[in-house]
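Please take a look at the structure below. A short briefing follows it.

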Amino acid sequence: MIKFFSSGLLLACVLGLAALLAGCETNVDPFTEARRPFTIWGYLEAQADTQFVRVFPIEKRIGMDRSGPIDARVVSTDLTTGEQRVWTDSVITFGPGNVGHVFWSEFRPQSGRRYRLEVSRSDGEMSHAEVRVPAPLEVTLPDSPTDFKIPVRILGEDLNLVGLGVKYVGVPAFPANPWPAGTPSPPAIVFPVKISYFEKLQPISGGLYFQIDMKEDYLAIQEEYQRNCLPKDMVLQRMEFEFLSANDAWTPPGGIFDPEVVVEPGAMSNVENGLGFFGAAQSVSVRWFPPADVLRKAGFASGAPCTMGTGPHCVVLPPCFRCDEALPMEIRQLYCPVGDE
Amino acid sequence: MNACPSPIHGMWLLLVFLFLSAETTSAQTAVLRGFVTDDSDGLALQGVNVAVRSPDGRLFGDNSDQDGVFVITSLPPGRYFVQASFIGYQTVRDTIALAPGEIRSYNIAMEPGEAELDEVLVEADREGGAAQVTSGMQTIRPEDIMLIPAPDVSGDLVDYLTTLPSVVTTGDRGGQLFIRGGEPAHTLTLLDGMYIHQPFHVLGFYSAFPSDILNAVDVHAGGFGSKFSGRISSVIDVRSRSGNKKAFEPSVSFSPFLSSAVLEGPIVKDKVSFLGSARVSTVEEIAAAYIPDPLPYSFGDFFGKVHAVLHDNHQASVTALHTYDRGILDPNVEAGDAEEIRWKNTAYGLRYLILPRSVPILGEALLSVSRLDTELGPPDEPTRTSSLAGFNLTVNITQFAGRSEVGWGFFLREPAFESNLGGLFQNVESRKDRSPNPGAYFEPDVYIGSGFRVRPGVVGQLMGNKGFFVEPRLRVVWERSPHRVSGAWGLYRQDIVGLTDRRDVTNIFTAWADTPLGEATKAMHGLLGYHVSPTSWLDLSVEGFYKHISSLSIPEWTAFPRFTTNLQQASGRVIGADFRLEVRRPQFYGFVNYGLASVTYTAMQDNLLFWFGEPEMDFRPPHDRRHQLNVLLSTSQYGFDMSLRWNFGSGLPYTRVQGFDGFIYMDGPVNVSEEPGLSRVLYDRPFGGRLPTYHRLDVSVERTFTIAGAASATIQAAVINVYDRANLFALDLFTLRRTDQLPVIPTLGIKLSLQ
């Protein structure tokens with residue numbers, strides 16, 4: 001009997017403890033104290049008449065659909081003159097479920113001046129950043145090159161180039177074989193390829209220098225075309241250069257832009273009490289048309305691309321072409337024998 | 001490559017030398033050995049005390065092992081009085097005469113009944129028991145398992161495993177067990193020598209091992225010996241029982257979660273028997289009808305074994321196992337988006353056991369093939385697949401010399417894996433590979449005297465293209481009743497890994513692969529324990545342990561809200577202590593297990609410096625449960641067996657968030673009016689938060705009735721989570737939807753048996 005009561009007592013103790021703990025906290029709040037109100041992305045562009053920044057309130061819900069008004073006021077201050085500007089909100093639909101707030105202001109920032117951007121909430125919480133607009137830059141390209149190696153010089157003070165790339169804008173060169181008259185063929189598509197030259201920059205007196213190797217680039221273009229199930233040859237229409245000389249803070253961790261790194265909060269951020277990045281830049285955009293002789297030497301294809309219904313037609317398909325239901329009906333009727341789908 | 005043959009060659013020379021020296025020894029003294037079985041069913045009896053006494057009073061003896069084998073060596077020629085005794089069986093007495101150099105086969109069949117009090121006993125450990133832990137090893141018997149309340153009349157091994165002090169589960173679904181800080185893929189699970197790669201079912205109450213088929217289970221939580229290799233954390237060595245060799249015994253059971261059938265009996269009476277078990281879940285059909293939570297789980301297992309006594313000194317068995325699981329762990333997702341996980345284990349094995357007539361050794365040969373197939377996604381078009389298959393050929397030899405013995409053996413394994421990860425780990429491609437793994441081990445177990453027993457060991461193995469590795473190990477035990485002090489140390493390596501994204505507890509898809517980030521994962525174990533039995537009914541033990549793990553592969557952290565990631569290398573440290581108290585009274589049994597542990601991983605992700613300002617970062621992985629307490633009370637009153645289990649665990653780590661915003665990749669001139677940007681999660685420091693504590697009370701009451709003649713019915717009523725604690729299983733940070741573990745569940749089960 002004593003044993004029975006002993007075990008009963010133990011049981012009662014455990015049940016009692018269990019009953020006590022049953023009332024313990026079961027809720028969980030996954031959010032830390034949110035102190036930073038805003039994330040800001042954008043930069044002051046010295047060559048532009050209108051400036052833009054995108055503002056994200058830091059919220060406790062995921063999603064990019066912020067179609068309603070947000071509690072944010074954006075003010076910029078020229079720290080040299082003290083001039084203040086209140087930026088205007090614009091709601092932009094970027095795609096399904098992606099509506100954002102881009103604030104804009106019409107003014108042209110001056111080189112060498114410092115600007116402060118404040119994004120504040122009605123309760124007084126504020127994120128802010130300060131930037132200095134860099135000095136202008138000058139780009140020189142040869143007028144009449146004869147070789148596929150093109151020297152490029154960028155001159156300016158304290159250059160901090162970001163995202164230096166050369167964009168080859170062209171269309172795939174489908175083999176031109178005649179088809180029966182009236183047979184429709186796929187339209188030509190513009191498929192540009194961007195080649196990075198950031199790592200090939202060399203310092204020279206008063207600026208930076210790099211040399212474009214169009215022949216080497218063409219091999220990379222052919223690889224990219226084949227990766228995208230296109231004929232490997234490109235008919236080049238033009239080359240585009242965009243040079244952006246940025247303020248010092250616009251430097252990725254480790255000196256290399258890696259989305260896996262810079263996506264981390266604070267990895268490249270100059271926003272105080274907030275997140276994101278607010279920069280300042282001088283930019284130069286150049287469209288350049290290489291001579292036909294240079295294009296030929298570099299290996300680019302010549303001639304007109306495929307067009308819908310007229311001109312040369314396409315009958316030789318890239319090796320990765322597959323008949324499937326995703327293709328338009330007219331393409332399937334032409335390229336896919338019955339029973340091949 | 002040139003370095004490889006040398007150590008193997010040297011090891012073989014040593015083995016031959018030992019073998020010859022043992023033969024020399026046997027030429028001078030006699031050996032008595034054989035199998036001990038239960039005379040009523042022909043099953044092997046483990047732990048039987050076999051003692052031989054010479055006319056001048058000298059005492060020799062041994063305890064039978066899991067196969068019923070006993071071996072008594074170094075017996076001077078002459079006449080001996082033999083006695084075999086075991087609780088619940090009539091003592092066997094006999095007199096034999098041994099000639100010089102004789103190796104006598106002497107099989108003993110024991111009849112159930114009352115043992116006599118004037119037994120001659122040799123030193124013996126009590127097999128099993130909650131506090132019986134020696135150098136990290138604990139033996140679990142089916143009767144231990146049956147004490148744990150569960151929603152089924154027949155018990156299951158996993159119910160007992162989850163009561164062990166430092167065994168952590170992430171929930172009552174998912175089938176993931178972490179033993180002393182090790183990941184599930186770091187645990188070697190063997191069934192009669194066959195590899196079972198995913199032994200736990202999707203619902204946490206069940207594994208591939210129902211208690212109906214078990215003989216005994218050795219759980220090595222760490223510091224395991226050289227006989228085991230290829231995994232770095234722990235070993236679950238399951239030994240199934242053989243079928244009844246005298247008579248047929250069918251049984252069936254039904255419960256809201258599971259229905260099962262077991263059939264065993266002789267194929268050739270006294271020689272060959274079979275044992276078959278089939279279990280099929282009834283969760284979706286029955287339990288789901290009265291439990292409010294969604295239970296989209298289906299699982300089952302089929303086990304078969306044929307055991308044959310080929311002769312009086314050798315036996316063979318063939319074992320087969322098949323399991324299947326299907327389930328959706330995150331019931332919050334929309335029906336169309338539900339990511340269903342499925343896996344299947346299939347294993348076949350042959351085991352041959354021999355006591356040769358000419359040498360005093362026990363030989364064991366194991367040949368098995370195992371396969372695990374895992375899929376995630378729609379049944380017809382899985383988005384991720386992984387398979388692990390391979391064979392295992394192992395030969396184990398035990399040479400006996402008085403109170404010491406030498407274990408040695410060799411093995412050849414070749415796991416082959418094939419996976420299509422659907423981009424889960426972006427720096428691991430879909431792959432198909434093999435990793436040949438030949439090796440050998442040598443492990444003498446030497447009784448030094450004064451209660452000291454030392455077991456040094458070494459494993460030498462070639463791991464695919466990783467190289468040849470030597471893993472030294474050591475086990476020391478000092479015992480002087482009522483005290484026992486034991487310790488172990490060892491190095492361990494593993495060249496195949498199970499890659500799992502532990503950022504999300506509902507994502508249990510495990511991809512088996514060759515170690516993706518370089519060298520084999522390795523670990524160093526050290527442990528020291530003390531056990532005392534102050535009275536015959538009380539056992540206390542404490543064991544401290546330390547593990548250091550390196551070359552781990554874990555997911556990288558990213559602020560992109562996506563389900564794929566890269567892998568990064570990490571190392572881990574586990575430190576802790578297990579405290580156990582066990583009480584055994586005639587009508588009461590209970591234990592208290594408390595585990596205190598700390599698991600720390602050090603991440604080495606490239607961008608940690610930019611993110612946190614540290615090149616390496618220590619964090620608590622999601623299975624770091626600091627405190628775990630299990631209390632079991634069991635009593636038999638008025639014909640009813642009642643059990644109560646209370647389980648408490650401190651909160652598991654998880655990653656908190658600061659909020660959500662958007663990200664625009666500003667790697668150059670970007671027009672923010674046109675660039676759509678990406679959603680971003682502002683994670684706080686990884687695993688810096690802590691979930692609420694976990695605790696649950698389960699109770700069961702059971703009674704067996706005789707229906708007619710040899711037929712009986714066992715009825716069990718149980719309540720799981722008696723006070724309906726809302727224990728958190730998973731929290732979706734994106735939607736803030738929580739998934740709780742199972743609510744209060746009453747169950748009623750019945751088992752019908754014919755004996």
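This is a predicted model: local features need pLDDT of at least 70, side-chain atom pairs count only at pLDDT 80 or more; totals for chains, interfaces and linings use all residues.

Residues are numbered from 1 along each chain as its sequence is written, chains are lettered from A and ligands numbered from 1 in the order in which they are written, and side-chain values use heavy atoms, with hydrogens and water left out.

**The interface of chain A and chain B**

- In chain A, 65 residues are in contact with 61 residues of chain B. Contact means heavy atoms within 4.5 Å.
- The two chains, A and B, bury about 5,300 Å² between them, and 67% of that is on carbon and sulfur atoms. Buried area is the accessible area (1.4 Å probe) that two parts lose on being put together, summed over both.
- There are 15 residue pairs in polar contact between chain A and chain B, with both residues at pLDDT 80 or more. A polar contact is a pair of N or O atoms within 3.5 Å; within protein, one must be able to donate a hydrogen and the other to accept it, and residues adjacent in sequence count only if both atoms are side-chain atoms.
- Helix 1 of chain A gives the most to the side of chain A that touches chain B, with 11 residues. Helices (H or I, at least four residues) and strands (E, at least two) are DSSP runs, numbered from the N terminus.
- The residues on that side of chain A divide into 40 nonpolar, 12 polar and 13 charged. Ala, Val, Leu, Ile, Met, Phe, Trp, Tyr, Cys and Pro count as nonpolar, Asp, Glu, Lys and Arg as charged, and the others, Gly among them, as polar.
- Across the interface of chain A and chain B, the rule finds zero salt bridges. A salt bridge is a side-chain nitrogen of Lys or Arg within 4 Å of a carboxyl oxygen of Asp or Glu.

**Strand 4 of chain A**

- Strand 4 of chain A spans residues 73–78, and five of its six residues are buried. Buried means under 20% relative accessible area, exposed over 50%, and partly exposed in between (1.4 Å probe, protein chains only).
- Strand 4 of chain A runs antiparallel to strand 8 (residues 114–120) of chain A, and six bridges join them. Two strands pair if DSSP finds at least two bridges between them.
- A:Val74 stands opposite A:Val119 in strand 8 of chain A.
- Strand 5 (residues 84–86) of chain A also pairs with strand 4 of chain A, in the antiparallel sense, over three bridges.
- A:Ser76 has A:Arg85 as its bridge partner in strand 5 of chain A.
- The hairpin of strands 4 and 5 of chain A has five residues between the strands, and A:Gly82 takes a positive phi near 80° there.

**Two threonines**

- B:Thr747 is found in strand 49 (residues 745–754) of chain B. B:Thr747 is buried, at 6% relative accessible area.
- Not counting residues up to four places away in sequence, B:Thr747 touches residues including B:Pro151, B:Phe257 and B:Tyr290.
- A:Thr50 lies in strand 2 of chain A. A:Thr50 is partly exposed, at 24% relative accessibility.
- Leaving aside neighbours within four places in sequence, A:Thr50 is in contact with A:Trp104, A:Ser105, A:Glu106 and A:Phe107.

**Salt bridges**

- Over all chains, the structure holds 50 salt bridges.
- B:Glu102 and B:Arg104 meet through their side chains in a salt bridge (2.6 Å, N to O). B:Glu102 is partly exposed at 22% relative accessible area, and B:Arg104 is partly exposed at 23%.
- B:Asp539 forms a salt bridge with B:Arg584, with the closest N and O atoms 2.5 Å apart. B:Asp539 lies in strand 35 (residues 538–555) of chain B and B:Arg584 in strand 36 (residues 567–585) of chain B, so the pair ties together parts 45 residues apart in sequence. B:Asp539 is buried, with a relative accessible area of 1%.
- B:Glu340 and B:Arg326 also meet in a side-chain salt bridge (3.6 Å, N to O). B:Glu340 is buried at 12% relative accessible area, whereas B:Arg326 is partly exposed at 27%.
- A network of salt bridges links B:Glu284, B:Arg326, B:Glu340, B:Arg342 and B:Glu375.
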